[in-house]
Amino acid sequence: MFTGIVQGTAKLVAMDKKAQFQTHIIELPEPLSTGLTIGASVAHNGCCLTVTNIDGHRVSFDLMQETLRLTNLGELKLGDRVNIERAAKFGDEIGGHSMSGHIIHMATLIDIIDSDHNKTLWFEVPESLIKYVLPKGYIGLDGCSLTIGQVEANRFNVHLIPETLQRTLFGTRQVGDKINLEIDPQTQAIVDTVERVLAKKS
């Protein structure tokens, strides 16, 4: 489980590409590498990956074809950075909302609106998913737990404070970028349940 509070970013320093499979090696700085063990879970842009090898600060993760297809991790190039969050431990403060690290789709960044103290980012998602995106609800974007602002048709926005822009990749994201999307599971369960009940009554 993850909390959606990104702890920093890490650079992709090596890749080993094979048929429908890749190994990514990232340079994980202190304190993110402290106490890390093989088999541990680490979220990359919100996608839960398992540590397969540790060589100092260079940590390896294996990515299957489905992960490469569904997430923006398949678009990474050497030198790119990813948002990082270590798995939550019992007793940790939950500053965001409970997240599984299972990416459902990618959202497209379609507009960036700058103001004096924050940025507003607009995203577009498939029409089949917008029913789970509710104003003032939670959403996971590249591993960040964020509060949804406005929702219009199949688009929605979030408002980002300077701390989020500095700590995560959102400070450098550009229009057209693909962002990993995790829907709040409680919202999804409620919406799906209501739809089933209404379908039985009709």
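**View 1. The second largest pocket and its lining.** In this predicted model, 13 residues line the second largest pocket, and Leu76, Asp80, Arg81, Arg173 and Asp177 lie nearest its centre. (A pocket here is an open set of points on a 1 Å grid over the protein atoms alone, where a 1.4 Å probe fits, with protein on both sides within 12 Å along at least five of seven lines; lining residues have an atom within 4 Å of a point.) The space inside comes to about 260 Å³, counted as what probe spheres set on the points fill. Sorted by class, the lining has seven charged residues (Asp, Glu, Lys and Arg), four polar and two nonpolar.

Residues are numbered from 1 along each chain as its sequence is written. Local features need pLDDT of at least 70, side-chain atom pairs count only at pLDDT 80 or more, totals for chains, interfaces and linings use all residues, and side-chain values use heavy atoms, leaving out hydrogens and water.

View 2. (Strands are DSSP runs of E, at least two residues, numbered from the N terminus; two of them pair if DSSP finds at least two bridges between them.) Zoom in on β9 (residues 138-141) and β12 (residues 178-183), and you'll find three bridges. Here Ile139 stands opposite Ile183 in β12.

**View 3. Around Ile25.** Ile25 sits in strand β2, residues 21-27. Leaving aside residues up to four places away in sequence, Ile25 touches Lys11, Leu12, Val13, Ala14, Arg58, Val59 and Ser60, where contact means heavy atoms within 4.5 Å. Val51 is 26 residues from Ile25 in sequence, with 9.7 Å between their C-alpha atoms.

Technical notes:
Helix = DSSP H or I, 4+ residues; strand = E, 2+ residues; numbered from the N terminus.
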